[in-house]
Amino acid sequence: MSSGCFLIISCIQCSWSGQQLFEVSHTAMIGEKYVVDLDKQECSCRKWAITSIPYCHAITVIRFLNLNAEDYLPHWFLKSTYEETYLSLIYPVNGPHLWEMTSYADVLPPAKRVLPGRPKKK
Ligand SMILES: [Zn+2]
């Protein structure tokens, strides 16, 4: 978590509304309040839903409950998922002089197409 996020979190108050519902308000901006539902992993500002990463409102609630914010990250952001993805072996490849030759013509890249109009200055 960045230090900027800690600065934002220190300016946010959190109050428990019941079950896993919380009301979060910015101390600097009067009237700016958001509802955080920890069970549904939703915040009324919708930034948690857009990024899937707990935003400062959710992190304030998570810290209020003395929970770990990393437990609310989706599994695709975890290091263990990354390691599991790249766990399988990537087979080595021989150089082109050992490749099997075919009777077909080599595949070459397409010819460069000159677009109409005046060329751009660099
Ligand atoms: Zn929010």
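Predicted model: local features only at pLDDT ≥ 70, side-chain atom pairs only at ≥ 80, totals over all residues.
User: What makes up the secondary structure of the chain?
Analyst: The chain has four helices and four strands. Helices (H or I, at least four residues) and strands (E, at least two) are DSSP runs, numbered from the N terminus. Along the sequence the pattern reads α-β-β-β-β-α-α-α.

User: Why is the chain called more spread out than a compact globule?
Analyst: The globule rule is 2.2 Å times the number of residues to the power 0.38, and the radius of gyration is taken over C-alpha atoms. For 122 residues the rule gives 14 Å, but the radius of gyration of the chain is 26 Å, well over that value, so the chain is more spread out than a compact globule. Along the principal axes, the C-alpha atoms fill a box of roughly 75 × 50 × 25 Å.

User: What makes helix α3 mostly covered?
Analyst: A residue is buried if 20 or more other C-beta atoms lie within 10 Å of its own, exposed if 12 or fewer, and partly exposed in between, with C-beta atoms placed from the backbone. In α3 (residues 56-64), seven of the nine residues are buried. They are Cys56, His57, Ala58, Ile59, Thr60, Val61 and Ile62. Of the 122 residues of the chain, 13% count as buried.

User: Which residues have the most contacts inside the largest nonpolar core?
Analyst: A nonpolar core is a set of buried Ala, Val, Leu, Ile, Met, Phe, Trp, Tyr and Cys residues joined through C-beta atoms within 7 Å. The largest has 13 residues, and those with the most contacts inside it are Val24, Val36, Cys43, Tyr55, Ala58, Ile59 and Val61. β2 (21-26), β3 (33-37) and α3 each give two or more residues to this core. The largest share, five residues, comes from α3.

User: Which residues is alanine 58 in contact with, leaving aside neighbours within four places in sequence?
Analyst: Two residues are in contact if their C-beta atoms, placed from the backbone, lie within 7 Å. Alanine 58 meets this with Val36, Cys43, Trp48 and Tyr72.

User: Why are β1 and β4 called edge strands?
Analyst: Two strands pair if DSSP finds at least two bridges between them. The four strands form an open sheet in the order β1-β2-β3-β4, with antiparallel pairing. β1 (12-18) and β4 (42-43) each pair on one side only. β1 and β2 pair over six bridges. Cysteine 14 stands opposite valine 24 in β2, and serine 15 stands opposite glutamate 23 in β2.

User: Why does arginine 46 count as exposed?
Analyst: Arginine 46 has 11 C-beta neighbours inside 10 Å, so it counts as exposed. Arginine 46 lies in the loop between β4 and α2 (47-51). Its phi is near 70°, a positive value in a residue other than glycine.

User: Where does asparagine 66 lie, and is asparagine 66 buried or exposed?
Analyst: Asparagine 66 lies in the loop between α3 and α4 (79-85). With 6 other C-beta atoms within 10 Å, asparagine 66 is exposed. Asparagine 66 is not a glycine, yet its phi is positive, about 55°. Most residues other than glycine have a negative phi.

How values were computed. Residues numbered from 1 in each chain as written.
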